Amino acid sequence: QVQLVESGGGLVQPGGSLRLACAASGIKVGIEPMAWYRQAPGKQRELVANISYIGSTTYADSVKGRFSLLRDNTKNTLYLQMNRLKPEDTAVYYCRVLFTDDWGQGTQVTVSS
């Protein structure tokens, strides 16, 4: 059974940084294609970044150059490092094993002064 647990969200000022973590069990993060999505109030869930099983990454234009994906195979955890945060990054962030229905429960990120 696959379980994904996100953590690391919170309140941060514009320009600040956060690192989200997605701790996985039932899969090996190092060999699965995975992604981070986000959903802002009143908006559809959108893909933020994804990593292929060989480690190639893709980012949404809105976060390119500010966000980065990191995998720690020893901790079986996928991270989303978010820098230079903007108010429009405010959303619930979810991790997912791509091409499956395996999602985490989400972690709230609020960017506000």
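Asn 76 is found in the loop between E7 and E8. Strands, like helices, are DSSP runs numbered from the N terminus (E, at least two residues, for strands; H or I, at least four, for helices). This is a predicted model, in which local features need pLDDT of at least 70 and side-chain atom pairs count only at pLDDT 80 or more, while totals for chains, interfaces and linings use all residues. Residues are numbered from 1 along each chain as its sequence is written, and side-chain values use heavy atoms, with hydrogens and water left out.

**Overall build**

- The chain has ten strands and zero helices.
- From the N terminus on, the elements read β-β-β-β-β-β-β-β-β-β.
- The C-alpha trace spans about 40 × 25 × 25 Å along its principal axes.
- The radius of gyration is 13 Å, which agrees with the value near 13 Å for a compact globule of 113 residues. It is taken over C-alpha atoms, and the globule rule is 2.2 Å times the number of residues to the power 0.38.
- Of the 113 residues in the chain, 44% are buried. Buried means under 20% relative accessible area, exposed over 50%, and partly exposed in between (1.4 Å probe, protein chains only).
- Among contacts with a separation of 6 or more, 53% come from residues 24 or more positions apart. Contact means heavy atoms within 4.5 Å.

**The six-stranded sheet**

- Six strands form an open sheet with mixed pairing, in the order E2-E10-E9-E4-E5-E6. Two strands pair if DSSP finds at least two bridges between them.
- Strand E2 (10-12) and strand E6 (57-59) are the edges, each with a single partner strand, so one side of each has no neighbour in the sheet.
- Neighbouring strands of this sheet are turned by 25° against each other on average, direction ignored. Axes are lines fitted to C-alpha atoms, for helices over the stretch in contact, and angles run from 0 to 180 degrees between N-to-C directions.
- Strand E4 (residues 34-39) and strand E9 (residues 91-97) run antiparallel and are joined by six bridges.
- Arg 38 has Tyr 93 as its bridge partner in E9.

**The E7-E8 hairpin and Asn 76**

- E7 and strand E8 (residues 77-82) pair in the antiparallel sense over six bridges. Leu 69 is bridged to Leu 80 in E8.
- The two strands, E7 and E8, form a hairpin with four residues between them. In its turn, Asn 76 has a positive phi of about 50°.
- Asn 76 is buried, at 17% relative accessible area.
- A polar atom of the Asn 76 side chain lies 2.9 Å from the backbone oxygen of Ala 24. A polar contact is a pair of N or O atoms within 3.5 Å; within protein, one must be able to donate a hydrogen and the other to accept it, and residues adjacent in sequence count only if both atoms are side-chain atoms.
- Beyond its neighbours within four places in sequence, Asn 76 is in contact with residues including Cys 22, Ser 25 and Val 29.

**The disulfide**

- The whole structure holds one disulfide. The term covers a pair of cysteine sulfur atoms within 2.5 Å.
- Cys 22 and Cys 95 form the disulfide, with their sulfur atoms 2.0 Å apart.
- Cys 22 lies in strand E3 (residues 18-25) and Cys 95 in strand E9, so the pair ties together parts that are 73 residues apart in sequence.
- The torsion about the S-S bond of Cys 22 and Cys 95 is about 55°, so the disulfide is right-handed.
- Both Cys 22 and Cys 95 are buried.

**Other sites**

- Thr 107 is found in strand E10 (residues 107-111). Thr 107 is buried, at 10% relative accessibility.
- A polar atom of the Thr 107 side chain lies 3.1 Å from the backbone nitrogen of Gly 9.
- Not counting residues up to four places away in sequence, Thr 107 touches several residues, among them Glu 6, Leu 20 and Tyr 93.
- Ser 25 is found in strand E3. Ser 25 is partly exposed, with a relative accessible area of 32%.
- Leaving aside neighbours within four places in sequence, Ser 25 is in contact with Gln 1, Val 2, Gln 3 and Asn 76.
- Gly 65 sits in the loop between E6 and strand E7 (67-72). Gly 65 is exposed, at 57% relative accessible area.
- The C-alpha atoms of Gly 65 and Met 82 are separated by 9.6 Å. Along the chain, Gly 65 and Met 82 are 17 residues apart.
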